Amino acid sequence: MSTTSGSSRRALQPGPSGWLAAPALAFFLLFAIIPLIGVLFLSFTSWDGLGEIKLDGLSSWTTVLTDPVTGNALLVTAKIMFFSFIIQAPISLLLGVFTAAGQKYRAALAVLYFVPLLLSSAAVAIAFKALLDPNFGLGAGLGLPILAQEWLGNSDLVLFVVVFVIAWQFVPFHTLIYQGGVRQIPASLYEAAQIDGAGRVQQFFNITLPQLKYTIITSSTLMVVGSLAYFDLVFVLTGGGPGYATRLLPLHMYLTGFKANDMGAASALGVILVAIGLALALLLQRLGGKNRNASQLEGA
Amino acid sequence: MASITQLPVPPSAPARPAVRPRPRTKGPGRTRPNFLGGLGGWLWLAIIIVPVYYVVVTSLKNQAGFFTSNPMMPPSEPTLDNYKLVVENDFARYFANSLIVTVGSVVPALLVSFMAAYAIVRGRSRFLSWTNNLFLLGLAIPLHATIIPIYWMITRAHLYDTLLALILPSIAFAIPISVLILSNFMRDVPNELFESMRLDGCSDWAMMWRLALPMTRPAVVTVGIYNALGVWNGFLFPLILTQSPETRVLPLSLWTFQGEFSVNIPAVLAAVVLATLPLLVVYVIARRQLLSGLTAGFSK
C-alpha cells in the first residue's frame with residue numbers, strides 16, 4: 001500500500017460514486033448508529049417497555065449509579081475480561097503457532113480444534129450444564145470426586161467455570177487468527193536465525209512474537225471488547241447466578257430491561273457498556289501503536 | 001502422530017528445550033519433534049473433544065440409561081428416540097426459520113457491503129473515508145448495547161415477533177466486519193486491471209461486477225460463511241425480538257426445549273446435536289474456504 005500509486009490513481013480517474021456505499025451506510029445508520037444515540041436518549045427517560053416513554057431526567061442514572069448490583073456487575077465483567085484474556089491469549093497464541101507448522105498430525109488436530117466454532121453459545125452452555133452436573137456429568141463418569149462439584153451452584157467456583165467455558169468456545173477463533181499470522185512470517189527469518197544458531201525458544205521470542213505484533217493487537221482487541229458481549233453463553237449457563245456471582249454487565253442490562261421492565265435504567269447500563277467498549281478499543285490501539293487498519297485507511 | 005504417542009516425554013525436556021541449531025529438510029526448523037508442543041496439542045484436543053463426546057454419547061441414551069449408566073460410557077442399547085422427540089417438536093420449523101433469517105440477512109449484507117467496499121477502495125471522496133471510519137468504529141463498539149432502542153424501533157414498526165425483525169438488525173451488524181474484510185481483499189486487485197477496463201470505456205458499475213467481484217469471489221464466499229455462522233447461532237435478537245413458536249429459530253429453540261424438557265437431558269442434548277449438524281455438514285464441505293478466509297480477513 002504505497003501512497004504514490006494512490007496519488008497517481010487519483011490523477012488519472014474520478015473514482016466510483018459515493019452512492020455505492022449508501023445502502024450499507026443507511027442500514028448501519030438506521031440499526032446501529034441511531035440505536036446508539038437512542039440508548040443515550042432512553043437513559044434519560046422512564047419506560048416499562050410497553051407504555052409511554054416519559055422524559056425523566058437523571059432518575060435512571062441515579063438508580064443505576066447507586067445500585068450496588070451495578071458495581072458488582074462491573075466487577076464481574078472486569079474479572080471475566082481479565083481472566084478470559086490471560087487464559088485465552090497465551091493458549092490461542094501457542095495453538096496458533098502449533099497448528100501453523102506443517103506436520104500432518106497437527107493439521108488433523110486443527111480440524112477438530114475448530115469444531116467449537118460451529119456451536120451456538122446456547123448449545124455450548126446447555127452441553128456444559130449437563131457435563132458439569134455432579135451426579136450425571138464428567139465427574140461422576142470419571143469417578144473423580146474433585147470433578148464432581150456443584151460447579152454452577154458454588155459462587156466461588158462459578159466465575160472460573162464461566163471463564164473456562166468461554167475459553168472453550170472462543171480459543172478456536174483466536175487460534176485461527178494466530179495461525180494465519182504465523183503463516184505470514186517469512187520463512188527466511190527462521191532460516192537466518194538457524195544459521196545464527198538460535199533454538200526453538202529463541203526463535204519464538206525473537207522472531208515469532210515480534211512478527212505477530214499486529215496479530216496480537218487484533219486478537220487482543222477482539223478478545224477484550226468481545227468479552228463485553230458474553231451475553232448468551234452466561235445467560236443460558238448460569239442466568240447470572242448463583243445470586244449475582246456471574247451477572248455481568250450485558251446480562252445485567254438485559255435483566256434490568258426485559259425482566260425488571262426498567263428500560264431507562266437498562267439504557268443507562270447500555271451507555272456504560274458502549275463507553276467501556278470504546279475506551280478499551282482506543283486504549284488497546286494506543287498501546288499497540290497504529291494498527292494496520294488505521295495505516296491502510298490513511299494510505300487509501 | 002506416531003512419534004508423539006510412542007516416545008515417552010523426557011522428564012527434563014519440558015522445562016528447557018535444548019537450544020542448538022539443526023539441519024533441516026523443510027519448514028522453519030521443525031525437524032526435531034517438539035514434545036512439549038505435542039503434549040499441549042493432545043491435551044487441548046482432549047479438552048475440546050470430551051464435551052463433544054459426552055453430548056453425542058448421552059444423546060443416544062434413553063432416560064433410564066442416563067440415570068443408571070456411567071455418564072462417560074457409550075450406551076449399551078443406543079437409541080434414536082431422543083432425536084425422534086426433537087424432530088416431532090417442530091424441529092423442521094425452527095430449522096426453516098433459521099435458514100430464512102440466515103439467508104435473508106447474509107445475502108443483502110453481502111451485497112451492500114460489497115458495493116460499499118468497492119466504493120471505499122476505489123473512491124477517494126471525504127464522504128467515503130468518513131463512511132469507512134464509521135464502520136471501523138462499529139467494530140469497536142459493543143453493538144449489543146443497543147438492544148433496547150432496537151426493541152423499541154421494531155415494536156413501533158410493528159415488526160415484533162416476525163422474522164424480518166431478526167433480519168434487519170442482523171444485516172446492519174454484519175456490515176462493519178464485511179466491509180473491512182472485503183475492502184482488504186479488494187485492495188489486492190491490481191490497479192492496472194481497473195485502468196485498462198476504464199480505458200475500454202467501462203463504468204464503475206460494470207467494473208464492480210465484471211472485475212472486482214470475480215477477483216474477490218473467495219473473500220465474498222468467506223465473509224458470507226462468516227456472517228452466516230454468526231446469524232445462524234445468534235441468540236440475543238431472537239430472545240428479545242420474537243416470542244411465539246412460529247418465529248422461533250434454532251438457538252432459541254434449544255433454550256426453550258431445555259426449559260420444557262429439563263429432566264430429559266438426553267433429549268436436550270439430542271437437540272444440541274441436531275441444531276449443530278447443518279453447520280457440521282458445511283464445515284466438512286467448505287472447511288478450507290471458511291478457515292483460510294477467516295484468517296486472511298483478520299491477519300492481513
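1. B:Ile181 sits in helix α7 of chain B, where helices (H or I, at least four residues) and strands (E, at least two) are DSSP runs numbered from the N terminus. B:Ile181 counts as buried because it has 25 C-beta neighbours inside 10 Å; the criterion is 20 or more other C-beta atoms within 10 Å of a residue's own, with 12 or fewer for exposed, partly exposed in between, and C-beta atoms placed from the backbone. The C-alpha atoms of B:Ile181 and B:Phe194, which are 13 residues apart along the chain, are separated by 20 Å.

2. On provenance, this is a predicted model, in which local features need pLDDT of at least 70 and side-chain atom pairs count only at pLDDT 80 or more, whereas totals for chains, interfaces and linings use all residues. Residues are numbered from 1 along each chain as its sequence is written, and chains are lettered from A and ligands numbered from 1 in the order in which they are written.

3. Helix α7(B) has 24 residues and spans 33 Å from its first C-alpha to its last, close to the expected 34 Å, a figure defined as 1.5 Å times one less than the number of residues. Since 23 of its 24 residues are buried, α7(B) is largely enclosed by the rest of the structure.

4. Which residues is B:Ile175 in contact with, leaving aside its neighbours within four places in sequence? With contact taken as C-beta atoms, placed from the backbone, within 7 Å, they are A:Ala24, A:Phe27 and A:Phe28 in chain A, and B:Ala109, B:Val112, B:Ser113 and B:Phe135 in chain B.

5. Chain B contains 13 helices and 0 strands, and buried residues make up 46% of its 300 residues. Of the contacts in chain B with a separation of 6 or more, 74% come from residues 24 or more positions apart.

6. Between the chains, 95 residues of chain A are in contact with 98 residues of chain B. Helix α2 of chain A, residues 22–42, gives the most to the side of chain A that touches chain B, with 13 residues.

Methods
Two residues are in contact if their C-beta atoms, placed from the backbone, lie within 7 Å.
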